[in-house]
Amino acid sequence: MKETTLSRKEKILHTALTLFAENGYAATSTKEIAALAGVSEALIFKHFGNKDALLANLIKSGYRRVLQHHRGMMTYKNAKDFLRTMIFLPSKLVADEPLFWKLQERLSHTPFSRQQHEQFMKPVHPIIQRAFEELGYKEPELETQFMLLIIDMLWKKEACGDIANSLDLAMMLEDKYNLI
């Protein structure tokens, strides 16, 4: 019985992620999720309480998966390797979890989603700044802000399919910052 419940819960989560990412949160009803997941709408409410809680679960669990899969991203061996990792990270993240990042891009204007993303990125800021300091950049804080803006733009554009050459752009940044 427990296994069946868990698999139905996972089915709800996967269906909700797909529909929210493709159609948007506001345009997706719990009735639609239930129908496509092959469960009752009441089961969604039993597991998650309401649609907002379902979305919050998807966002939090998405970031947990990303952190588990990319545990080593915060490992600092040297400045150049870390900056290179950060430059190529958006492409890797979107390739690994395309629906999650598409959902995040769609919701990037909402306070909860933005808060979760800022919490995810917060530890990266001082490490990028340290890398620019070690490399002798004149204004490491401005370089850090600039790189974070580029990273943010790259994952958003890639997640919604607005950019086809993100790896080329990442390689250009790698060259521009002399990281090769």
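Tutor: Let's start with one term: a residue is buried when its relative accessible area is under 20%, exposed when it is over 50%, and partly exposed in between (1.4 Å probe, protein chains only). Keep in mind that this is a predicted model, where local features need pLDDT of at least 70, side-chain atom pairs count only at pLDDT 80 or more, and totals for chains, interfaces and linings use all residues. Residues are numbered from 1 along each chain as its sequence is written, and side-chain values use heavy atoms, with hydrogens and water left out.

Student: What percentage of the protein chain counts as buried?

Tutor: Of its 180 residues, 42% count as buried. The protein chain exposes about 10100 Å², and carbon and sulfur atoms supply 55% of that.

Student: How many helices and strands are there?

Tutor: Both are DSSP runs numbered from the N terminus: helices are H or I with at least four residues, strands are E with at least two. Here you'll find 10 helices and 0 strands. The C-alpha atoms fill a box of roughly 60 × 30 × 25 Å along the principal axes.

Student: Which domains does the assignment give?

Tutor: Domain bounds come from an automatic or database domain assignment. For this chain it gives domain 1 (1–57) and domain 2 (72–179). Their C-alpha centres lie 31 Å apart. Contact means heavy atoms within 4.5 Å, and the contact here takes 10 residues from domain 1 and 7 residues from domain 2.

Student: How many residues does the largest nonpolar core have?

Tutor: A nonpolar core is a set of buried Ala, Val, Leu, Ile, Met, Phe, Trp, Tyr and Cys residues joined through side-chain atoms within 4.5 Å. The largest one has 55 residues, and those with the most contacts inside it include F20, W101 and I128. Helix α5 gives the largest share, 9 residues. Since domain 1 (1–57) and domain 2 (72–179) both give residues to this core, it lies between them.

Student: What does F20 touch?

Tutor: Not counting residues up to four places away in sequence, F20 touches Y25, T28, I33, K51, L54, L55, L58, L103 and R106.

Student: How do I read one helix in detail?

Tutor: An α-helix has 3.6 residues a turn, so residues three or four places apart point the same way. Now look at α8 (residues 124–134), where V124, I127, I128, Q129, A131 and F132 are buried. The buried residues of α8 pack against α5 (79–96), α7 (111–121) and α9 (140–159).

Student: Why does I127 count as buried?

Tutor: Because its relative accessible area is 17%. Leaving aside neighbours within four places in sequence, I127 is in contact with M74, Y76 and F82. Its C-alpha is separated by 24 Å from that of Q104, 23 residues apart along the chain.

Student: What about positive phi angles?

Tutor: Most residues other than glycine have a negative phi. N178, a residue other than glycine, has a positive phi near 60°. N178 sits in the segment after α10 (166–176), and it counts as exposed because its relative accessibility is 56%.

Student: Is L179 buried or exposed?

Tutor: L179 is buried, at 0% relative accessibility, and it lies in the segment after α10. L179 touches K80, L83, R84, I87, L135 and E174, not counting residues up to four places away in sequence. L179 and A79 are 100 residues apart in sequence and 8.9 Å apart in space, C-alpha to C-alpha.

Student: Where is E174, and what does E174 touch?

Tutor: E174 is in helix α10 and counts as buried, at 12% relative accessibility. Again leaving out residues up to four places away in sequence, E174 touches R84, I87, F88, L179 and I180.

Student: And where is N78 found?

Tutor: N78 is in the loop between α4 (51–69) and α5. N78 is partly exposed, with a relative accessible area of 31%. The C-alpha atoms of N78 and T28, 50 residues apart along the chain, are separated by 45 Å.

Terms used. Areas by Shrake-Rupley, 256 points an atom, 1.4 Å probe, with all protein chains shown as cover.
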